[in-house]
Amino acid sequence: MTAARLPSTLAAVLLTLTVNACSSSHSGAPVGSAPNAPPAGSSSAAARITIKNFLFAPATITVHPGEQVTVVNEDATTHTVTAEDKSFDTGAVNGGASATFTAPTTPGSYPYICTIHQYMHATLTVS
């Protein structure tokens with residue numbers, strides 16, 4: 001092989017490796033997630049509430065009794081996730097941070113708010 005062809009051959013090999021790596025049998029789910037993970041807002045072992053633009057998403061989430069719920073604050077300001085009956089409370093979750101809480105063990109509907117911005121509200125359903 002001549003020195004002039006070496007760079008183009010090397011580029012072809014790298015391109016082939018890159019294309020093969022990108023087209024492997026990836027499920028399309030985010031890395032580290034289960035291939036058949038249920039959609040957000042459904043009941044699962046990975047219950048998650050996202051805070052963004054001073055809103056809770058999803059506005060209603062259903063979880064199992066005693067399930068761990070992750071709260072991710074995508075805003076720049078601090079928020080809380082606090083049940084109106086005080087059965088759960090994340091405390092202050094700084095902007096860009098996350099927290100977890102344990103869902104109540106008694107089935108029912110649990111409205112919650114941000115105690116800092118009380119116009120923010122949503123509902124956790126335990127079933």
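## Aromatic cluster

F56, F88, F101 and Y112 are linked into a cluster by ring pairs. Rings of Phe, Tyr and Trp (its six-membered ring) count as a pair if their centres lie within 6.5 Å; planes under 30 degrees apart are called stacked, those over 60 edge-to-face, and the rest tilted. By this rule there are three aromatic pairs. F88 and F101 form a stacked pair, with 4.5 Å from centre to centre and 10° between the planes. F88 lies in the loop between β5 and β6 while F101 belongs to strand β6, so this pair ties together parts that are 13 residues apart in sequence. Both F88 and F101 are buried, where buried means under 20% relative accessible area, exposed over 50%, and partly exposed in between (1.4 Å probe, protein chains only).

F88 also pairs with Y112: the ring centres are 6.0 Å apart and the planes stand at 65°, so the pair is edge-to-face. Y112 is in strand β7 and F88 in the loop between β5 and β6, so the contact ties together parts that are 24 residues apart in sequence. Like F88, Y112 is buried.

## Basis of the model

This is a predicted model, in which local features need pLDDT of at least 70 and side-chain atom pairs count only at pLDDT 80 or more, while totals for chains, interfaces and linings use all residues. Residues are numbered from 1 along each chain as its sequence is written, and side-chain values use heavy atoms, with hydrogens and water left out.

## Sheet β2-β1-β4-β6

Helices (H or I, at least four residues) and strands (E, at least two) are DSSP runs, numbered from the N terminus. Two strands pair if DSSP finds at least two bridges between them. Four strands make up an open sheet in the order β2-β1-β4-β6, and the pairing is mixed. β2 (55–57) and β6 are at the edges, each with a single partner strand, so one side of each is left without a neighbour in the sheet. From one strand to the next the twist averages 25°, with axes taken as lines fitted to C-alpha atoms, for helices over the stretch in contact, and angles running from 0 to 180 degrees between N-to-C directions.

Strand β1 (residues 47–52) runs parallel to β4 and is joined to it by five bridges. A47 stands opposite V69 in β4, and I51 has N73 as its bridge partner there. Strand β4 (residues 68–73) pairs with β6 in the antiparallel sense, over five bridges. Here T70 is opposite T100, and Q68 has T102 as its bridge partner.

In a regular strand the side chains alternate between the two faces of the sheet. Strand β6 (residues 98–102) has A99 and F101 on a covered face, and S98, T100 and T102 on an uncovered one.

## Sheet β3-β8-β7-β5

Another open sheet has four strands in the order β3-β8-β7-β5, with mixed pairing. Its edges are β3 (60–63) and β5 (82–83), each with a single partner strand, so one side of each is left without a neighbour in the sheet. Strand β7 (residues 108–113) and strand β8 (residues 121–126) are antiparallel and pair over six bridges. S109 is opposite T125 in β8.
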